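Please find below a short note on the model under review. The points follow the order of overall fold first and a single residue second.

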Amino acid sequence: MTSADQLDVIFAALADPTRRAILARLREGEATVKELAEPFAISAPAVSKHLKALRQAGLIAQGREAQRRPCRIEAGPLKEAAAWIEQYRQLWSDRFDHLDELLQELQREEPSE
Amino acid sequence: MTAAAKRQMTLSTPSDLEITLTRAFDAPRALVFKAITTPDYVRRWWGAGHLDVTTCEFEPRAGGTWRFAGQTPDGMEIAFFGEISEFDPPAGLVYTEAFDVPEIRDRPSTVTVRLREESGVTALTTTSRFQSVEDRDAVIASGMEGGAAASYDALEALLPEIK
């Protein structure tokens, strides 16, 4: 069921730090668009755009109650894969940053290497 | 001398069994190769602030074995190990990698590492390939159990970036 195309859509959705932070907030429980916009210095319409991307990636569901439209995180194996891949990406990104620092240090010590 | 813009890693999924990471480094590839295959060097970046590295063993040859392990801030031991099938400095290497927990340690991925150098910049590409969809799903499920807290922390740590 998990196709490379679906994973691509998920990665695109996860590539944005605001969307990742929205997912982190929704892990703690449902929230309305207004509640999600509160911690960020961006407008509710901007948050709605992010929610649309997360919805299209299948990572969140949004209720239809006219006033509130609460959002919740979608559980399921595909979403587990997305969370795992994000964790993997973050870990290796940090590792390569540290490797970068080491390489710069080694070249300062022996510039002829 | 111009300073290079801060470099970023990219992640892609060429297929539903593969994860490819690419990263550029301002260093000759012979040095990058050394830095990723010499235990005393690996020790200095593999923990990356997440793990306190406790074991760092690597036999630099085809047929050699390797093992990296570390402790999380909560005292949990995390270890990966495998066998090296190709060792071709400074162009690259191929090895197996498994997470050392029951039921997952028998599901190694194959990792192919390639280094290409141009004008003093080395492009490092690593592709990890699961052997099967079952392996992939088991690794992910096991990773989420043990690493769920770590992943939520990683997500929450990103919040201050938004302001």
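What percentage of the contacts in chain A between residues at least 6 apart in sequence join residues at least 24 apart?

1. The share is 54%, where a contact means heavy atoms within 4.5 Å. This is a predicted model, in which local features need pLDDT of at least 70, side-chain atom pairs count only at pLDDT 80 or more, and totals for chains, interfaces and linings use all residues. Residues are numbered from 1 along each chain as its sequence is written, chains are lettered from A and ligands numbered from 1 in the order in which they are written, and side-chain values use heavy atoms, with hydrogens and water left out.

2. Chain A contains five helices and two strands, arranged along the sequence as α-α-α-α-β-β-α. Helices (H or I, at least four residues) and strands (E, at least two) are DSSP runs numbered from the N terminus.

3. Chain A has 113 residues, and 48% of these count as buried. Buried means under 20% relative accessible area, exposed over 50%, and partly exposed in between (1.4 Å probe, protein chains only).

4. In chain B, Glu117(B) belongs to strand S7, which covers residues 109-118. Glu117(B) counts as partly exposed because its relative accessibility is 40%.

5. Leaving aside residues up to four places away in sequence, Glu117(B) touches Pro28(B), Arg29(B) and Thr122(B). The side chain of Glu117(B) lies 2.9 Å from the backbone nitrogen of Arg29(B).

6. Glu57(B) is 60 residues from Glu117(B) in sequence, and the two are 27 Å apart in space, C-alpha to C-alpha.

Conventions
Polar contact = N/O pair within 3.5 Å; in protein donor to acceptor, adjacent residues only side chain to side chain.
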